[in-house]
Amino acid sequence: MSKKSSRGGGDGGDETKREQPLQAVLLADSFLDTFRPISLDRPKMLCPVNNVTMLDYSMDFLAGSGVEELFVVCTDERVEQYVEQHTWAGTMQVQVVKDGSLTNAGDALREIDKRNLVQSDPFILMFGDVITNVDIKSALRAHEVRKKKDNSSIMTLLLKEVGTTEMDGSNLLRSNLRPITKDLVVGLDPTQENRILLFDDHSSLKNVALPCSYFGSHPQIDVRTDLLDCGIDICSPEVLARMADEFDYRDIRREFVANSVAEEEEGLQNKIYAHILRPTEYAARIHDFYTYAAVSKDLLRRWCYPVVPDNLPSGYEKRYRYMLQRHYMYYERRIGSSQIDRSSNVKGPGMIGSSCQIGEKCCIDSSVIGNKARIENGATVIGSYLWDGVCVGKGAKIIQSILADDCVVSANAVINRGCIIGSGCVIGEGAVIPEFTRLTLAEDKEADDFGDDWGDEDDSIDESEVVADKMAETDSMEPTKHFVGTGGKGRVWNPVTYSDEDLEDDGISVKTARMMECIGFDAKTKMCERWREEEDDNFSDVAGLDMENDLSDYADVPVMFDSATPPSDEFVIVGRQKGVDVVKELKLICLEHEPESAIENLAIELNSFKFSQNATYSDCTAAATLAILEMMQIRKGVTDGKLVADFKLYLEKWAPLLRKMSIGPSEEKAIVCALEQCATDEGEMGQVLSTGMSFRFLLQTLHDEEIVSEDAILMWAADHRENENKGSAAAGLFAAKPVQDFLQWLEEEESEDGSDDDEDESEED
């Protein structure tokens, strides 16, 4: 195959345009971080899918589809080197367009337009993470016919029917090829060759909008939720010109396509059409680790025939040859030399690469094993992906995880579902990696590039950053030992928590989105949660945290929060799942909240759970208080001054949530009761808070910060005075002299305020 200069330009003459063969633009960068931290070690497009480099699938497809000139757009020199060192079938010429300054797909297309490279009409635009067996020639012909009839028909999207998302009893019916963070809604006019009138993939929107004028000019509009965006487009050069004009467009789908199809004024419309794939055709994008596993399984089950493991892309036949055996298990046979003990149980669908060693009594189930992997006696690998050179020790267990090149899992270690382990990481002997953990040895240099410009104009972000830094102090002391065990190597990768507009639009926190992107994530849980939120639509205005009036509309019946008298098992609350400890669950939600994330997001999560379990705002304020005190990590030896200073530091971020969820004294009293519960706990925290002035100082801080009113504290005191259980720890705490002195001061203040009010009234008379 011939290659052109990677820095060449183009000639825009009319004769060249008429004679120009079919061209294609391949975006060899997704411009996302959904493959972190593995993409810190190698570009996403160079990651293996069933032991084949991801980019090779799309390159091989384009070569077989009649493309004669291909422009590969990338930002990483490793992609450039890979493309220039490989060859593909046919006569396809490949030119690399590398620009490290590109940050999004819109910039990539503007760079192509600036260099005047594309001359064919139409040309193919495709993402490098697409795997497909589509016969694109029919779609190309249909696009050409439409363009001749109507010059405004500039684009055709390839879409695949994958069924709708719905519940069938307790089972979730949903295609795993759909990213969980996206729900595509497409409006089509079948009477006009499936012209697209609506394109929206925001997952959290409860409704979509269509211009009223469309219903006059389109007798039939089908609104469909059963289509998958394949990541393959047929475009006319006008698409590039439009992207150049709209210099602020970054995302091809959410901005260019969505805005183009929404244009109402005739003459300004750029018409975009859908080409629906036949049932036998397959196409899907690997957006993240969740769809990575789904596409891999489809290839193993031969849904993308002839793109299957035993029919590798061009060039691989000289290196590897896979043979299909029972249960969709594929074994490499050209190099061979893999040794699998007879006592081991290997079940498909899966793959075993070349030069692998699998010891005695191992269990390999539905997993893909790369080349030169070593799995020792008694190890278990289920639903996982082990890339080249991975070593698994005796008795180790790996569940639904991805391990990049040269990882080492020591004996008896456990890697739970959803984990992503970067290249070269070492898991120490007996270590247990929690679910959805991501480990890496690489440095995320981009994380350091985001400074204060991402914050709000006020100082609230800076204050929360102080809180976040303090909360992270303990975790950062021994990260390696805590997560990877003795002798392990690797650090936990956490996503950058700067504002992500796409996620904010979808109502998804960064932390939740990263979990949803992982292999092993249970989509059913998220779908049920989303549908429950839609049923609670009357609380949608909480995002602004202007809840003082909004929440009063839903004020609950006051409840007692008293740890000394928990409700009995027979006490059942209507609308609440039996056995659910709502305060405990709400506290867990608070503890999982990202320190630098907006408190409004936490308010939404708390209220969603509150409505689902018929909980109260008292439950919410109590749970938040318990979470704050737990995050403070109170230990023996802390001085009262340090304790109060730490408490105020946390309240700088959490006080707005506590104030807004406190509809009245009942919710404020629940905060006091939660503080009391911690002070009477038998653990180290209880010993600290129940001695000296600690409890009184924290209670007074809540009052001084206007989180808890005098009425709430005196209500709490009145309950104690009426309680006959004088020997309890709570009664002893209440009777302590510092607490009684503070209560006496409050009562005197209240009486003085009452006297002042009486004097004012008498003067007015």
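These are my notebook entries on what I looked up in the predicted model above.

**Conventions.** I number residues from 1 along each chain as its sequence is written, and for side-chain values I use heavy atoms, with hydrogens and water left out. Because the model is predicted, I take local features only at pLDDT of at least 70 and side-chain atom pairs only at pLDDT 80 or more, while totals for chains, interfaces and linings use all residues.

**Overall content.** I looked up the secondary structure first, and I find 26 helices and 37 strands in the chain, where helices (H or I, at least four residues) and strands (E, at least two) are DSSP runs numbered from the N terminus. Buried residues (under 20% relative accessible area, with exposed meaning over 50% and partly exposed in between, for a 1.4 Å probe and protein chains only) make up 51% of the 765 residues. Of the contacts (heavy atoms within 4.5 Å) with a separation of 6 or more, 62% are between residues 24 or more positions apart.

**Hairpin β17–β18.** I next followed strand β17 (residues 322–325), which runs antiparallel to β18 and is joined to β18 by four bridges; two strands count as paired if DSSP finds at least two bridges between them. The two strands form a hairpin with three residues between them, and H327 in the turn has a positive phi of about 60°. Q325 has M329 as its bridge partner in β18. Which residues of β18 (329–332) are buried on each side? M329 and Y331 are buried on one side, and Y330 and E332 are buried on the other, so that I note both faces of the strand as covered. β18 also pairs with β21, in the parallel sense and over three bridges, and there Y330 stands opposite M351.

**S354.** I then looked at S354, which lies in the loop between β21 (350–352) and β22 (357–358). Is this residue buried or exposed? S354 counts as buried because its relative accessibility is 4%. Leaving aside neighbours within four places in sequence, I list its contacts as Y320, E332, I335, G336, S338, N371 and K372; one of these, E332, is among the buried residues of β18.

**Open sheet.** I traced an open sheet of six strands with parallel pairing, in the order β20-β23-β26-β29-β32-β35. The edges are β20 (345–347) and β35 (432–433), each of which has a single partner strand, so one side of each is left without a neighbour in the sheet. Within this sheet, β23 (residues 363–365) and β26 (residues 380–382) run parallel and are joined by three bridges, with I364 standing opposite V381.

**Helix α8.** For helix α8 (residues 238–245) I recorded V239, L240, R242 and M243 as the buried residues. They lie on the same side of α8, because they cover an arc of only 160° around the axis, the arc being that of the directions from the helix axis to the C-beta atoms. The elements that cover these residues include α5 (105–114), β6 (123–127), β8 (153–161), β14 (227–235) and α9 (252–261).

**Helices α17 and α19.** I looked up the packing of α17 (residues 582–591) on α19 (residues 617–631), and found an angle of about 50° with the axes 8 Å apart; axes are lines fitted to C-alpha atoms, for helices over the stretch in contact, and angles run from 0 to 180 degrees between N-to-C directions. That angle makes α17 oblique to α19, given that under 35 degrees counts as roughly parallel, over 145 as roughly antiparallel, 65 to 115 as roughly perpendicular and the rest as oblique. Residues of α17 in the contact include V582, L586 and C590, and those of α19 include C620, A623 and A627.

**Backbone exceptions.** Most residues other than glycine have a negative phi, and most peptide bonds are trans, so I checked for departures from both. The bond joining R36 and P37 is cis, with omega about 5°, and P37 is in the loop between β1 (23–27) and α2 (38–41). The bond from G348 to P349 is also cis, with omega near 0°, and P349 lies in the loop between β20 and β21. R302, in the loop between α10 (289–300) and β17, has a positive phi near 70° and is partly exposed at 23% relative accessible area. E706, in the loop between α23 (694–704) and α24 (710–722), has a positive phi near 60° and is exposed at 64%.
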